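This report describes selected features of backbone geometry, helix packing and chain contact. The structure is shown below.

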Amino acid sequence: MENFKKEKGVQLLRAIEQVCSKDIKLMEVCGTHTVSIFRHGLRSVIPENIHMLSGPGCPVCVTDQGDIDAALEVASRENTIIATYGDMLRVPGSETSLATMKARGSDIRIITSAHQCIDIAGKNPDREIVFFAVGFETTAPATAALMIDAHERKISNLSAMALHKRTPPVLEALATDPDLEIDGFILPGHVSVILGHEPYSFLAERYKLPSCITGFEAEDILMGIYSLTRQIQRGKPKLSSVYPRAVRKEGNIKAKKLMETAFEVCDAKWRGLGIIPNSGLKLKELFSDLDSYRKFDIRTPDVKPPAGCRCGEVLSGKLIPPECPLFAKKCTPASPVGPCMVSSEGSCSAYFKYSGGGTGHWKI
Amino acid sequence: MENITLGQGSGGRLTEQLIHRITSHFSKSRTPSELEDCSFLKNGIAMTIDSFTVTPREFPGGNIGKLAVCGSTNDLAVRGVKPEFLAMSVVIEEGMDISEFDSYMESAAAICSKLDVKLSTGDTKVVPKGSLDGIFITTCAVGTSLTPFPWGMANIRTGDLVAVTTSIGQHGATIGASRFDLESATLQSDCAALWPAISEITEMKGVRCMRDCTRGGLGTVLCEWAEGTATGIEIDETKIPLTPEVNSVCDILGFDPLYLACEGCAAIVFSPEEKDRVIATMKKHDMCKDIAVIGEIVDSHEKLVGMRTDIGGMRIIDMPVSEMLPRIC
């Protein structure tokens, strides 16, 4: 089995080399892809003329500092339990992090699925449960289902700070950025399972950009790169998919319906990228009782990222992490300045972790 | 204000910093190379101490009582020390079901009896309800070295082979699965006392050192060896024993099996000449039946661990920083 895998990898790499000899920049949009590329050691085997850039696809990394500060403020309130995904715990806000607040006595629960909030709410009837809900179209349907369920069951001590973000609008923002020269997109497999093909078709149609829906195994990623290099070489950009085993053309209709029921599209602020039109999801009026922002009058402060932190440029592929002046100096996983260094899927963290602690003395 | 966080108890880089913080108050001269699983006192007598807290307290493959004896005695065993005496302290939360408490002590006693370890001294405390989560057990184990020279990372040299004694990550995956409500009929902690297998190789001169891959897992042990000895280590992903159950828990929760805790698995370094004898001898024991050579000590990229991946790429293995948390998607 292992030999088979290795042989297939070698074949794909040879095919990529044959198809494309010019310098090209490909962006893997999803943080899971970034980590997978490092974990499989793909950077050490991909031809040198193919440059892989990490995109804004790590849910923790793109959450604006103001949104994190707002959650930290809520966590400090009496009688409140914050429920959130594990990745959010160590992300630094302006003053502190959820991990530190937990250590100081705030009640912060790590959940792996949104519906665990119902259980927490049931066990703590005299306390308010605030679900700090982040993520792309992968986690948004679960939040939607939770909200619909909580609404039907009239659960009164549960609400959500819904900060979900949409992938296609940020792709469009990248595609139209005059400072970016991306030759093709490795599209996120998990998000595509929900969205299907159609939401990405504008990339080729409007912007003549090759794109490929790609899975997360080493061979998947090599096949994605191969598909993109072929499109580039032929000068025929299109939307391809090398992940048909998981992604249907129409996506997951049930999940999309859930999102439509609970959310409406809104503008959203992305860390380092600013406000991107139509890139967010907020709870519909029907669910206003479950909207933490309305229920507790939460104000999101307008805060600047820490001095010198260039997460924004890293997230949009303009800078690779080692080019940030703070990388491996002031900003390390043990004392992160920006979220890209703390999240397991953040590109700074991945570069640090897989380059020998930022020593850079073993170039792979 | 700085506060202690859970990350500092995870076994990775933050724990290392915490340990340095502690030792700096005692002696400035303590170097990382002395930080082994147990330390030699004099005349070949060695001692170690470990505290145990685990949720859930009862898990497939063991419970906190069994864990407490296996953990400390393994810390002696991996330096070629026969465990002989045990001191145990239990701190119990008011209200614990007495039969539950008995079951942990029964399990602890069963391992002591199997290893012929004598419970020599101990202490008990009961604390008010709510001031701790059930029970904390601390064990201190003392024993005598049976090796021709002390096993430790200082013996490591270029060309030596690196092996693991069983499939990695079984304990961490079992605990992770039960904490995050994943069900698996076959997933089981590897919690076991290693001395019966190790006792048979103490005479072998080619054995350099051993570590049990507890908190922080195999990845952390390898990083500590590379950093502590200024050598490079190269391992091969396809040779690392890993069960499909552990692999799927990792897939679902976004964990890396290299960093998952083991409680009955050791990493071991020996000379190439000793390979066949070590493997054949340890393999006879059920707990080591999957023992496999996974890599070697190299004279390049000092202080760094590299892993040849299944697709033929090279990846650097870094020491984890904090506790592993389930990812978002």
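## Backbone exceptions in loops of chain B

P56(B) lies in the loop that links β2 (45–52) and β3 (58–59) of chain B. The peptide bond leading from T55(B) into P56(B) is cis, and its omega is near 0°. The model is a predicted one, and this geometry is a feature of that prediction. Most residues other than glycine have a negative phi, and most peptide bonds are trans.

D116(B) has a positive phi near 60° and is not a glycine; its place is the loop between α3 (98–115) and β6 (118–127) of chain B. H301(B), likewise not a glycine, has a positive phi of about 30°, and it belongs to the loop between β12 (292–298) and β13 (305–308) of chain B.

Is each of these residues buried or exposed? D116(B) counts as exposed because it has 10 C-beta neighbours inside 10 Å, and the cut-off for exposure is 12 or fewer. H301(B) has 21 other C-beta atoms within 10 Å and is therefore buried, the cut-off for burial being 20 or more.

## Helix α6 of chain B

Helix α6 of chain B covers residues 217–229. At 1.5 Å a residue, its 13 residues should span 18 Å, and the end C-alpha atoms are 19 Å apart, which agrees.

This helix is mostly covered, with 11 of its 13 residues buried. The buried set of α6(B) includes the run of G217(B), L218(B), G219(B), T220(B), V221(B) and L222(B). Also buried in α6(B) are C223(B), E224(B), W225(B), A226(B) and T229(B). After α6(B) comes A230(B), which has a positive phi near 55°.

## Helix packing within chain B

Two packed helices are described by the angle between their axes and the distance between the axes. In chain B, helix α4 (residues 170–179) packs against helix α7 (residues 244–253) at an angle of about 50°, and the axes are 9 Å apart. That angle makes α4(B) oblique to α7(B). The crossing of these two helices, α4(B) and α7(B), is left-handed.

On the α4(B) side, the contact involves Q170(B), A173(B), G176(B) and A177(B). They meet E245(B), V246(B), V249(B), C250(B) and L253(B) of α7(B). By class, this contact of α4(B) with α7(B) has six nonpolar, two polar and one charged residues.

## Helix packing within chain A

In chain A, helix α6 (residues 140–152) and helix α11 (residues 253–262) pack at about 55°, with 8 Å between their axes. The two helices, α6(A) and α11(A), are therefore oblique to each other, and their crossing is left-handed.

From α6(A), the contact is made by A140(A), P141(A), A144(A), A145(A), M147(A) and I148(A); from α11(A), by A255(A), L258(A), M259(A), T261(A) and A262(A). The residues of this contact between α6(A) and α11(A) comprise 10 nonpolar, one polar and no charged.

## Contact between the chains

The contact takes 42 residues from chain A and 27 residues from chain B. On the side of chain A that touches chain B, the elements giving two or more residues are α1 (2–19), α2 (31–39) and α4 (98–103) of chain A. Of these, α1(A) gives the most, with five residues. The side of chain A that touches chain B has 18 nonpolar, 15 polar and nine charged residues.

Definitions and conventions. Residues are numbered from 1 along each chain as its sequence is written. Chains are lettered from A and ligands numbered from 1 in the order in which they are written. This is a predicted model: local features need pLDDT of at least 70, side-chain atom pairs count only at pLDDT 80 or more; totals for chains, interfaces and linings use all residues. Axes are lines fitted to C-alpha atoms, for helices over the stretch in contact, and angles run from 0 to 180 degrees between N-to-C directions. Helices (H or I, at least four residues) and strands (E, at least two) are DSSP runs, numbered from the N terminus. Angles under 35 degrees count as roughly parallel, over 145 as roughly antiparallel, 65 to 115 as roughly perpendicular and the rest as oblique. A crossing is left-handed if the near helix is turned anticlockwise from the far one by less than a right angle, and right-handed if clockwise. Two residues are in contact if their C-beta atoms, placed from the backbone, lie within 7 Å. Ala, Val, Leu, Ile, Met, Phe, Trp, Tyr, Cys and Pro count as nonpolar, Asp, Glu, Lys and Arg as charged, and the others, Gly among them, as polar. The expected span of a helix is 1.5 Å times one less than its number of residues.
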